[in-house]
Amino acid sequence: MYNLEISGGHEEIIDVAVIGAGAAGLSAALFLTRACRRTVIYDGGPTRISTIGKIHEFLGHEGITPAEFQARGRSEVDSYGGEFRSEAVLKIEPRSDGLFDVLGSQTQITARAIVLATGLVDVLPPVSGLREGLGRDVHLCPCFSGYEVRDKAFVAFGLPERLAQFGKFLTAWSSSVTVVTPYEFDPETRKRLRAFGVITVQDEVASLKREADQLVSVLTASGMELPCEAAFVAAPFKAASDLAASLCEVDEAGFAITDANGSTSRPGVWAIGNATDKLSHLAHSVAAGANVGPWIVDYLLESSLSSK
Ligand SMILES: Cc1cc2nc3c(=O)[nH]c(=O)nc-3n(C[C@H](O)[C@H](O)[C@H](O)COP(=O)(O)OP(=O)(O)OC[C@H]3O[C@@H](n4cnc5c(N)ncnc54)[C@H](O)[C@@H]3O)c2cc1C
């Protein structure tokens with residue numbers, strides 16, 4: 001069934017190494033295993049959603065836990081012969097014959113194609129009280145948790161270039177939104193935020209005050225106390241892995257640059273989910289995995305012909 005080949009008596013060559021076993025990687029692996037391609041999936045650590053309570057905004061999965069989502073996805077891939085390795089990939093070496101040596105923390109294999117599904121890191125500001133409330137009363141995006149805290153008093157802070165849009169967006173969930181930033185918005189932006197009912201405070205967030213394990217206010221560097229029930233952080237993103245940077249063209253934050261089919265600048269290497277698209281939700285990441293599958297199968301078929 002699978003394209004297993006032993007070259008030189010000891011080297012095991014597989015079809016595809018999928019790096020990352022989150023929504024994107026598992027989705028690609030489901031397609032590839034069902035297309036009878038030998039697929040190894042590297043699971044190098046927790047996924048981005050692993051710390052949240054429930055998944056939202058994902059049709060058919062509303063309210064399930066991340067653990068349940070992961071377990072279902074893994075078991076589906078496993079049922080078609082996907083091979084999981086619980087190790088991080090440290091390095092991928094492109095070879096002159098078009099194959100890739102994949103060096104994991106415990107094992108090494110050679111693959112015909114690579115899928116980078118390594119996700120991203122939310123770079124949280126060093127504000128005391130922030131991590132304690134993360135996923136409960138401190139949130140990174142209203143799409144996933146705005147509904148659960150709707151109509152409460154929000155304070156938003158973080159990346160200046162995202163804050164104007166972020167502040168406006170939050171008014172979909174609450175009419176009480178305060179944006180705190182040391183950055184001075186231009187008069188037109190200030191006017192628009194005012195029109196949406198957003199209060200802007202030109203100051204720096206110093207800490208989040210918690211009482212009985214609940215967020216009660218945001219304290220600023222100049223000593224202001226802004227009462228609130230939920231804080232939203234417009235955090236910067238960076239690529240979770242530097243594998244893409246070692247293999248293909250990346251942007252300034254290390255995200256793989258791809259075309260609409262997930263192809264990177266290096267033939268045989270694809271990137272999907274948050275490894276290339278910072279705004280990809282679970283539904284988009286699953287779709288990206290399904291989208292990339294046929295292109296990889298086609299690539300494998302074409303390369304098998306040219307190597308005959
Ligand atoms: C607080 C929060 C809440 C969210 N809630 C929702 C929600 O309710 N609904 C929704 O649709 N989206 C939600 N999201 C967005 C969601 O997290 C992403 O859409 C999704 O995780 C992207 O999937 P992915 O497979 O690209 O990345 P991930 O799920 O992060 O998977 C990447 C995987 O690759 C692994 N990895 C990285 N480097 C290596 C390596 N070198 N070797 C091996 N493995 C490696 C990582 O450990 C990780 O397991 C939320 C995000 C945040 C921050």
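Helices and strands are DSSP runs, of at least four and at least two residues respectively, numbered from the N terminus. The model shown in these views is predicted.

View 1. Leaving aside residues up to four places away in sequence, Gly129 touches Leu208 and Arg210. Ala206 lies 77 residues from Gly129 in sequence, with a C-alpha to C-alpha separation of 9.7 Å.

**View 2. The open sheet of 3 strands, ordered β13-β14-β15.** Pairing in this sheet is antiparallel. Because β13 (205-211) and β15 (225-227) each have a single partner strand, they stand at the edges, and one side of each is left without a neighbour in the sheet. From one strand to the next, the twist averages 30°. β13 is joined to β14 (residues 214-220) by 6 bridges. Arg210, a contact of Gly129, has Leu215 of β14 as its bridge partner.

**View 3. The largest nonpolar core, of 20 residues.** The residues with the most contacts inside this core are Ala17, Ile19, Tyr42, Ile92, Val102, Ile114 and Leu116. Elements giving two or more residues to the core include β2 (11-19), β7 (108-116) and α7 (243-247). β7 supplies the largest share, 4 residues.

**View 4. Contacts of Val102.** Beyond residues up to four places away in sequence, Val102 touches Ala17, Ile19, Tyr42, Ile92 and Ile114, among others. A second, separate core has 19 residues, including Ala21, Trp270, Val292 and Val297.

Definitions and conventions. Residues numbered from 1 in each chain as written. Predicted model: local features only at pLDDT ≥ 70, side-chain atom pairs only at ≥ 80, totals over all residues. Heavy atoms only, no water. Contact = heavy atoms within 4.5 Å. Pairing = 2+ DSSP bridges. Axes fitted to C-alpha atoms, helices over the stretch in contact; angles between N-to-C directions. Core = buried A, V, L, I, M, F, W, Y, C linked by side-chain atoms within 4.5 Å. Buried < 20%, exposed > 50% of the residue type's maximum accessible area, 1.4 Å probe, protein only.
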